[in-house]
Structures are given as C-alpha cells and as structure tokens.
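Dear colleague,

Please find the structure below, placed ahead of my notes so that you can follow them against it. I would be grateful if you kept it open while reading.

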Amino acid sequence: LISCLGDANSKTRANAAGALGNLVRNGPFLCNELIKNHAHVKLMKLALSTNHAASKQNSIFSLGTLAAFQHSRSAIGKSSHISLEDFISYVAKSNSNDEVALKYLNRLKNKWFAPPVDL
C-alpha cells in the first residue's frame, strides 16, 4: 500500500492513502509497521505534492488517524523534511478553497494535541 502512494494513477494514490489510515483506525496494532516503512513521511509528501483533491484529503485524514497514537505521533514529530506545524500551515495556505482538506487539517491538529489513545 505504501508504494501505491507514488503510483501514476491518482485514484490509486487516493485509495492507498485512505487504506493506510483504515489500517490503524481501530487501534495502534499496525502503527509500528507503518512507521518503520515511513508511511507518515510518504503521506505528508503526497499531501504536499499532489493537485488531486482526494489524494491530498485522504493523506491528511490518514495522518490524523496515525496522530492519535503515541508511537506514530512521535515519528510524525521527528519527520525530518518538515515539521507538522509547517506542514499544516503550508497545506492550509495552498488549499484555502478546499473545505474538506481544511477540515481534515483541523482534525489532524486536534488529534495531535489530544491525549494519545494507545490501547
């Protein structure tokens, strides 16, 4: 799934981004594998680089799902290419007309600052 984030087909990228978030939707059990394979970094890069709305939205939503868990939150915070604050600010400014992306960025920010829900 992670490699599909770089697929040439935008629908494949969007579906892969959404599926990655679904893997941790009900608990952190797969967070280690996703982090070990840099899913968080690739989701951020996709959201920053694509013009395809669904790919961007699904990437942001899945990052929000990952951010609910301490282990993945730590990895997202240590991501070397951009801080989460800068990521949110840049994506918000460059997508000010995309209400869904803005809603998902707000969700990501709320998950980030809420207590972790690790089970």
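Please note that the model is a predicted one. The two residues form a salt bridge, in which the closest N and O atoms are 3.2 Å apart. Side chains of opposite charge can pair when their charged atoms come close. A search of the whole structure finds one salt bridge. Lysine 36 has a relative accessibility of 54% and therefore counts as exposed, exposed being over 50%. Glutamate 33, at 41%, counts as partly exposed.

**The loops on either side of H2**

Helix H2 covers residues 31-36, and the loop between it and helix H1 (10-23) holds leucine 30. Leucine 30 is partly exposed, because its relative accessibility is 36%. Together with Leu1, Leu23 and Phe29, Leu30 makes a nonpolar surface patch of about 400 Å².

Histidine 38 is placed in the loop between H2 and H3. What is its phi angle? The phi of histidine 38 is near 60°, a positive value in a residue other than glycine. Most residues other than glycine have a negative phi. With a relative accessibility of 43%, histidine 38 counts as partly exposed.

**How the helices cross**

H7 in turn has a crossing with helix H4 (residues 53-66). The axes of H4 and H7 come within 8 Å and cross at roughly 15°. That angle makes H4 roughly parallel to H7. The crossing of H4 and H7 is left-handed.

**Individual residues in and after the helices**

Is leucine 108 buried or exposed? Leucine 108, which is placed in helix H7, has a relative accessible area of 0% and is therefore buried. Between leucine 108 and isoleucine 88 there are 20 residues in sequence, while their C-alpha atoms are 8.5 Å apart in space.

Isoleucine 76 is part of helix H5 (residues 70-77). Its relative accessibility is 2%, so isoleucine 76 counts as buried, a term used for values under 20%. Isoleucine 76 and isoleucine 2 are 74 residues apart in sequence, and from C-alpha to C-alpha they are 16 Å apart.

Serine 49 belongs to helix H3. Serine 49 is exposed, because its relative accessible area is 57%. From serine 49 to lysine 109 the separation is 60 residues in sequence and 20 Å in space, C-alpha to C-alpha.

Proline 116 is found in the segment after H7. At 37% relative accessibility, this proline, residue 116, counts as partly exposed. Proline 116 and leucine 20 are 96 residues apart in sequence, and their C-alpha atoms are 19 Å apart in space.

**Points to look at on the display**

- The salt bridge between lysine 36 and glutamate 33, with its closest N and O atoms 3.2 Å apart.
- Histidine 38, with its positive phi near 60°.
- Leucine 108, buried at 0% relative accessible area.

With kind regards

Notes. Residues numbered from 1 in each chain as written. Predicted model: local features only at pLDDT ≥ 70, side-chain atom pairs only at ≥ 80, totals over all residues. Heavy atoms only, no water. Patch = residues over 30% accessible without salt bridge, like charges linked within 9 Å, V, L, I, M, F, W, Y side chains within 5 Å. Areas by Shrake-Rupley, 256 points an atom, 1.4 Å probe, with all protein chains shown as cover. Salt bridge = Lys/Arg side-chain N within 4 Å of Asp/Glu carboxyl O. Helix = DSSP H or I, 4+ residues; strand = E, 2+ residues; numbered from the N terminus. Buried < 20%, exposed > 50% of the residue type's maximum accessible area, 1.4 Å probe, protein only. Axes fitted to C-alpha atoms, helices over the stretch in contact; angles between N-to-C directions. Parallel < 35°, antiparallel > 145°, perpendicular 65-115°, else oblique. Left-handed = near helix turned anticlockwise from the far one by under 90°.
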